[in-house]
Amino acid sequence: SALYVLPPGFVESSCRSRIFWMKLNKLLLQGKFFQLEINDPYAGPVLLDEKLASRCGYVLSEDMWGNPVFRASVLGCHVANEADELFSLTVNIKISSFSSMRAAVTYTYPMYCSYSSWASREIVCEENYMEVSVKTDVPAVSNDYTVAWMSALPETQNVAYQLWQLMFVSPSGRKRIMVSDAAKLGYSFNNTLSRVYLRAPYHSNESHVSVVSGVNMNMVTSTSMYRQRWLLLLIDTTVSCPVDGISFTDTTLTWTVPSVIPTLVVQESTFLSKNILMGVDDQVIVHPEEKNYLLEHNETHIRITIPIGAEGGKLKSSISGGVYGVIYSIDLFLEHTWTDADWQTTKYTVIKSITTPFMPQIPTVINNTLPEERLFNVAFGHFLSDVSLVAIAIGNVPFTLREAQHQGFKIYETLFSNRTKGFILEVSFDDPYVLKEYVNRNETKYTLLVNYTMSVGPEMTLYYHSAEVECVIADIELPEAVGYCDEENLYLAIPTFGLHQYWNLYLHNKLLNRHVALTNGYLAVTNSTHLILQIPLFAVGVIYEEVSFQKIKARFDVALRKVRTMETLQMFSVSCSFNSSAFIICHPDGTIMISAQMKTVPAIDMSKTKLRDSSCKPREYNEGHAFFKFHVTTCGTSVRFEGDHIIYENEISYEKETLPGQSIPTITRDPDYRLTVLCYYRAKETLVLGAFASDPSTSPPFGSGTMVPRSNIAVYRRIRQALNVVSRVSKDESFVEFYEPNMAILKRPVEPVFLEVELKDESPSIELYLENCWVTRSLDFNSTPRWNITVDG
């Protein structure tokens with residue numbers, strides 16, 4: 001494949017802490033495959049793989065943004081070394097559109113590193129290898145160990161001239177191997193002009209782990225042996241690197257490295273820490289506190305604390321088990337320089353890539369609804385910039401973002417102070433997809449059901465979240481009725497807005513519809529704004545508040561009730577006084593009032609008119625009128641049943657006077673006068689109407705009580721005869737379903753009580769009259785307070 005010139009911005013490289021550092025721009029690799037080759041000046045290109053990487057001192061990984069990163073030790077394989085001061089390494093970057101790498105484009109990239117300030121001993125702890133390099137002009141085995149190593153001398157006698165051998169000491173014992181065999185185990189050992197180095201993979205057979213100040217350290221204890229004619233050189237090439245030491249809280253990550261590592265510092269009393277540096281990626285952070293990083297150290301630990309989300313690292317959105325959360329990654333390094341009696345200077349470098357576990361961040365729905373503007377305003381957040389809104393469902397109806405905008409929903413992004421973002425949705429209360437419910441007296445509850453579909457992270461995982469936002473506002477005006485009268489009718493004009501949608505009109509306990517109006521003789525007319533009810537003075541349902549000679553004060557009531565709950569919200573009343581010379585009024589409680597007009601020639605004496613019981617005289621009268629008021633159980637009133645009606649009948653009469661003491665009939669001009677009076681009651685409605693509270697204003701707001709018939713003993717006291725009387729309360733006017741005995745019944749003052757009292761005695765001489773019915777709080781008849789249901793029945 002041909003060689004090409006690198007596109008600008010494709011590669012960044014540096015040399016930091018004697019490590020080649022190279023980063024590729026992932027944007028220029030999108031949809032492509034790539035390979036790295038190490039270009040050996042003598043052997044040609046060598047393909048980079050994992051096994052080669054740890055042995056040769058290379059690392060190939062990605063940074064948290066997904067950019068490929070390559071690092072190499074200046075002591076790595078295929079690096080050209082000039083006098084241990086100038087190092088160069090050439091990398092081939094191969095890019096292809098195919099996974100097989102055919103038709104690849106190859107870019108050649110040379111890197112240079114100058115490094116002369118070598119410490120006596122330098123240790124690098126990379127992600128996949130440990131490396132120690134030592135100056136060869138210092139005998140580096142301490143006195144304490146000399147005796148032990150001298151016992152190995154007989155073995156070293158066999159070492160071939162100018163050949164190195166490695167002696168490993170592990171818990172399982174000693175192992176002495178040739179350098180060529182060590183390479184097969186994954187080690188790399190070599191010497192340069194002035195240094196010897198050993199590179200070891202983590203967790204080899206010759207390594208072991210020990211705990212130092214709470215941190216697990218991976219350790220390879222080794223001595224490199226070199227024999228010249230008159231000299232056996234033993235060099236301590238022990239290396240030890242941390243394998244953990246990372247801890248997390250909800251807000252921070254902490255990386256801990258031991259200050260003193262016993263196998264590397266034999267005489268701890270002579271240990272002196274000289275310098276500690278921290279860095280992010282390949283950059284040293286001179287003032288960590290400026291970035292809110294914390295670098296602390298004491299006799300035992302060096303500790304770096306980074307706030308989660310801090311600059312230099314990356315927060316990434318993620319989904320785990322259907323839950324939204326974030327993951328934070330940062331690439332750190334630590335450089336610790338110390339001196340001790342055995343080594344002039346040790347420079348200890350650790351490179352660590354840290355990623356937090358998944359941290360759930362349940363998004364919140366913030367309700368900023370503006371009731372006065374009739375607009376739902378819902379903010380949904382907080383999300384990182386790698387999250388986008390892809391679809392939305394309102395009231396379970398799905399919309400793409402374009403369809404949602406077309407429907408009139410407003411959707412836009414908003415930025416929050418902590419570098420997160422949210423999505424704002426605006427929907428009008430009057431939108432057809434908003435649920436509306438009439439509540440309380442005059443309020444509407446608007447409910448917005450939202451289902452969000454989000455695309456999360458570079459993987460574009462779909463995430464779903466549903467929310468329900470409610471707003472109750474008083475936006476319904478309760479209607480106000482206007483009442484007026486003419487000479488013969490009462491009128492109610494009621495606004496039609498909301499009728500049958502929110503509320504209905506009720507006459508007592510009956511829904512006031514066209515059929516009921518027609519049956520009762522009302523006239524109902526609707527115009528564009530109002531329903532006008534015309535109620536004749538003597539129609540069913542008119543309440544006669546005051547009836548006197550030639551004057552009637554009449555009232556008509558209609559209740560405004562909620563459609564669903566039947567709760568009474570308003571009573572519409574019209575009340576007028578009428579002049580009327582002739583009328584008969586049959587009251588629900590059985591009182592009859594008659595204003596009779598007597599047009600006779602010649603006129604008769606009104607004071608002498610009477611009912612069947614001659615003791616029942618007119619209450620008021622004048623020349624042409626008489627006014628009677630009596631109860632259906634008095635004044636000789638008779639009763640008969642016709643179909644489902646009860647008919648009460650009486651008669652107003654005037655009988656001619658005959659002069660006393662004269663036996664001969666006398667002719668007078670006085671006429672005989674008879675006027676039959678009939679009152680019709682529907683059998684059911686007698687019971688219904690007779691059970692209304694007589695004076696709602698003095699009744700409690702509502703009461704609950706249990707109706708029980710009087711015990712036989714109480715009855716016996718009064719009439720000396722046990723009667724079988726049963727009373728029941730019906731659930732409605734049909735008298736089909738009844739409440740159970742002793743069951744609490746909840747009623748409001750204006751609601752009727754449907755009471756049935758039955759005499760089960762079959763004796764023909766016994767009649768049932770209901771005198772008083774009342775409700776008390778206990779079974780004791782004399783308990784107070786008591787609320788009357790019927791009086792003088």
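Guide: Happy to! In this predicted model, strands β21, β22, β26 and β25 line up in that order as an open sheet of four strands, and their pairing is antiparallel. At the edges stand β21, covering residues 246–248, and β25, covering 294–297; each has a single partner strand, so one side of each is left without a neighbour in the sheet. Going from one strand to the next, the twist averages 20°.

Let's zoom in on the β21 end. The partner here is β22, made of residues 252–258, and three bridges join this strand to β21, with the two running antiparallel. As background, strands of a sheet pair through backbone hydrogen bonds, either parallel or antiparallel.

Now for the other sheet you asked about. Here, too, four strands form an open sheet with antiparallel pairing, and the order is β2-β3-β7-β6. Its edge strands are β2 (11–16) and β6 (58–62), each of which pairs on one side only. The twist in this sheet averages 15° from one strand to the next.

A handy place to start is K23, which stands opposite V69 in β7.

Technical notes. Residues numbered from 1 in each chain as written. Predicted model: local features only at pLDDT ≥ 70, side-chain atom pairs only at ≥ 80, totals over all residues. Heavy atoms only, no water. Pairing = 2+ DSSP bridges. Axes fitted to C-alpha atoms, helices over the stretch in contact; angles between N-to-C directions.
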